Amino acid sequence: MSMNAVGRPTRPVPGLTLAGTIPATLGGGRGLLQDEGLIFEREGWDSSGVDLPEPSRDAADLGDMVRKAPMRLPGLSEPEAMRHYVRLSQKNHAIDLALYPLGSCTMKHNPRLNEKMARLPGFADVHPLQPQSTVQGALGLMDQLAHWLMTLTGMSAVAMSPKAGAHGELCGLLAIRAAHEARGDARKRVLVPTSAHGTNPATAAFVGYEVEEIAQTADGRVDIADLAAKLGPDVAAIMVTNPNTCGLFERDVIEIAELVHAAGAYFYCDGANFNAIVGRVRPGDLGVDAMHINLHKTFSTPHGGGGPGSGPVVLSAALAPFAPTPFVVKRGEVYELVEYREGEAAQAFGRLCAFHGQMGMYVRALSYMLSHGADGLKQVAEDAVLNANYIKARLSGVMSAAFEGPCMHEALFDDHWLEGTGITTLDFAKAMIDEGFHPMTMYFPLVVHGAMLIEPTETESKAELDRFCDVLLLLAQAAKAGDAERFKGAPFHAPLRRLDETLAARKPRLRWRPELSVGVAAE
Amino acid sequence: MRYLPLSPSDRSAMLGVIGAATIDDLFVDVPHAARRDQPVDLPFHQGELEVERALSALAARNRTAGQGPFFCGAGAYRHHVPATVDHIIQRSEFLTSYTPYQPEIAQGTLQYLFEFQTQVAALTGMEVANASMYDGSTATAEAVMMAARVTRRGKAVLSGGLHPHYARTAETLAKVAGVQVQRLDAAIDGEAAVLDAIDDDTACVVVQTPNLFGTVTDVTAIAAAAQAKGALLIVVVTEVVSLGLLKGPGEMGADIVVAEGQSIGNALNFGGPYVGLFAAREIYVRQMPGRLCGETVDADGRRGFVLTLSTREQHIRRDKATSNICTNSGLCALAFTIHMSLLGEVGLRRLAAINHAKALDLRDGLMGVPGVEILTERFFNEFAIRVPTDAAALVETLAGQGILAGVPVSRLSPKGGMDDVLLLCATETTTSSDIAALVAALKGAF
Ligand SMILES: Cc1ncc(COP(=O)(O)O)c(C=O)c1O
């Protein structure tokens, strides 16, 4: 038995492998995974982790408006707060840990230079309503980012203020609606392929349109005949994702645009998948009238566990006059923010949010763009597509690809290859968690049975892709060999086992309440 | 290129495995007319140093709030954020994770969202809160839409004290949804004017406290009047620190409370990203927009958290969803929740009291300036004054002297007839010498 410097054995005891018989720990912690309760479950609610001076005056002038009832907000000292959140953080998967192949989400590396730049006081410590003469750098940055977005897409204008992709869809459809109304041509319907992301139909309905689905062909693209049949004088727009949510380029996109335009409708393109073509294909060359760009996908602003994002919308010349306020214009050497419906904004459809959009995300995105340049961005698209096709090629022998031919930036599989195993897409995904990978996007798009949508992005090395493919192939073999237990109960090695989502929805418990203690949910 | 791991030999080996001769073979589905072999007309890649230089040069062309006396509020507030907050939100596990769709490996995010929802509910005095919206203004627009769904009515009444940008955001959305918006005339102390506008078709009344002009309003009577007519009361809060000192909207009978959460944990950021807070009565939870995190158990009976009630959301309900929101403000919500956990009730109450005291100091200083009239009677940390000149021009002049003197109402409502009204704000970051500098500058200005 070998000994370490202080004379303790360093090797596991031979024969004691514990597999299958791991005793539960007694206190709840598990090695590096600490058991961490809610902040509300701590003792003592009267401390604070912030030292503030005594207020110099009382609030007698506020009379009975002063809040008396306790709020029940616990305060943590700084060391306690640090531990609490660091412990929580360790229960998360992250792109910085391993491949995060969520299709349609573009989980790529988030350069830290961008974080540093966004925190420069000249960007972070600036108020949105300061006199414009004091924020020329910020307006200049917005203008420069706008220039990059217009050049990369080949479009004539861009509305910067939308705060995420779905907000961008809202922006695009509102511009389309305003353009029709300006002609006295109010229209009722929006056509959306069955494979569309949920935000597309949700946005169209939000804007007051009826949503009609367009069928898909056997090779995963818009069914042009069905589109032609459904187009008519009451159709306002079509919303098509390109590359689409099956990870395929819409080959007939130009023809689609022509059909749509001939019917007097507009072509809204969901640009969530722009990463596949950035620097290589300009949507403006495809007949697109409006397209949102998720800066938090293609241009690497971090997803932050759900946001914030940013969803600027590029617009064709026909839609540009209807762009919402505010926007930046350059007059001579001076940048000006046009904030109201007058002058060049006379036809603006309105306003989407309080200020000028997601400045913090603009800085990050521009930092990313300047770093890559036109040459690097083209390489981004090529590597993203190469990586996805590589995965597709390596896995296709064992797993069933949903469509033949090359894919764009994501590889889509269905669940035919699992037939007869009793294992579902969900089970397979949960087993991936045990192997240290985040599952792919599952059961989306809806048009493919048991869909598994894998988007590696360009920031994965070949070695990491190989490791991922090797593991998936081993898992696939295990599935086919009937090792169902590994899948049905998975994950076994994650911070938690599978969660009871039905219980959560049936008896919604959406906040901590003093009267409900831990474990009550188990009944 | 430093962010791209593939080497030229990797690329050719991979093409070999794929069975493609060149990368172009993978782009065959792109129509010929749209294929570009050459990079677009933009500069080529640059190193970190060069990028840092270029962006720093732009940053240097902005005057920062911390550079001198600063009195801007009106929907965005400068507060001190503890260093711990920014450190934690930059941890890879929070910064570089996605929406917590796989709860087994996202308990970190889910637990803080649950804590966030609990804090927001406590702060607003409401029963439930969601996991964040884009910002306060979009949350307001969504609240109006929600009220129309709940009541099945088609009219929204907006007070004249509602932030004009919030009002326009709500109007933009309401118009296309067929909800008629009645916006009352701007009034310093006029939230109660909504009482006269409530009728049988009113889905909601939207009031703001403290309002745009800083006025603090007890909305209890408005809640009662709205509810008596079957309408909902939506209370908007743009300065969430105020809730550490002022009665919670829930206590006053609000049905929905929406707020801008930027003040806690988040920088000014020239307007975004911010974090919208959305809270409501529990009976309306199934009509709420946005994500909700709920408690449950795992297969071994251990407590855990999941996203829940998603049958309201776009990815399940598509065109029948309560909202189209998907990506929200997760990381800003984390910043909020960390800062709030550090403050606790004790710290929040004190922070609010300090803000209020500073604003009283500011008001007292301005009362000594001949020609300045204080317009707001009862306020938290911001108030309106009338100046004997054009307020926007005055602000511009003082900016030239290194003082950011506040927000002229004309910036938010041009042609609103309030060109001589200026909104000023003081927070814990305001010093007595800042106030003295402003007072001295104003004395010399007119
Ligand atoms: C295809 C597609 N469209 C739209 C969206 C919505 O974008 P966001 O989440 O930024 O609102 C997404 C994001 O998940 C998407 O994948």
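**Close-up 1. Make-up of the shell around the ligand.** By class, the shell around the ligand holds 5 nonpolar, 7 polar and 3 charged residues, where Ala, Val, Leu, Ile, Met, Phe, Trp, Tyr, Cys and Pro count as nonpolar, Asp, Glu, Lys and Arg as charged, and the others, Gly among them, as polar. This is a predicted model, in which local features need pLDDT of at least 70 and side-chain atom pairs count only at pLDDT 80 or more, while totals for chains, interfaces and linings use all residues. Residues are numbered from 1 along each chain as its sequence is written, chains are lettered from A and ligands numbered from 1 in the order in which they are written, and side-chain values use heavy atoms, with hydrogens and water left out. The ligand lies between chains A and B, and of the 15 residues around the ligand, A:Ser104, A:Asp270, A:His296, A:Lys297 and B:Thr327 come nearest (a residue is near a molecule if one of its heavy atoms lies within 4 Å of it). Helix α5 of chain A, residues 165-182, gives the largest share of this shell, with 3 residues; helices (H or I, at least four residues) and strands (E, at least two) are DSSP runs, numbered from the N terminus.

**Close-up 2. Polar side chains facing oxygen atoms of the ligand.** An N or O atom in the side chain of A:Lys297 is 3.0 Å from an oxygen atom of the ligand, and a polar side-chain atom of A:Asn294 lies 3.1 Å from a ligand oxygen atom. From chain B, a polar side-chain atom of B:Tyr98 lies 3.4 Å from an oxygen atom of the ligand. The protein covers 99% of the 390 Å² of accessible area that the ligand has on its own, with areas taken from the Shrake-Rupley method with a 1.4 Å probe.

**Close-up 3. The largest pocket.** The space taken by the ligand is the largest pocket, which has a volume of about 1100 Å³. On a 1 Å grid over the protein atoms alone, a pocket is an open set of points with protein on both sides within 12 Å along at least five of seven lines, a cavity is a set where a 1.4 Å probe fits but cannot get out, and lining residues have an atom within 4 Å of a point. A molecule sits in either if more than half of its atoms lie within 2 Å of its grid points; points are joined across faces, edges and corners, and a volume is the space filled by probe spheres set on them. The lining of the largest pocket consists of 50 residues, of which A:Met442, A:Phe444, B:Tyr101, B:His315 and B:Ile316 lie nearest its centre. By class, this lining has 22 nonpolar, 19 polar and 9 charged residues.

**Close-up 4. The largest cavity.** A search of the whole structure finds 8 cavities of 30 Å³ or more, and about 110 Å³ of space lies in the largest cavity. Of the 15 residues that line the largest cavity, A:His167, A:Leu170, B:Thr138, B:Glu142 and B:Leu173 are the closest to its centre. The lining of the largest cavity divides into 8 nonpolar, 5 polar and 2 charged residues.

**Close-up 5. Backbone features in loops of chain A.** A cis peptide bond, with omega about 0°, joins A:Phe444 and A:Pro445. A:Ser104 has a phi near 80°, a positive value in a residue other than glycine, and lies in the loop between α1 (78-89) and α2 (112-118) of chain A.

Terms used: Polar contact = N/O pair within 3.5 Å; in protein donor to acceptor, adjacent residues only side chain to side chain.
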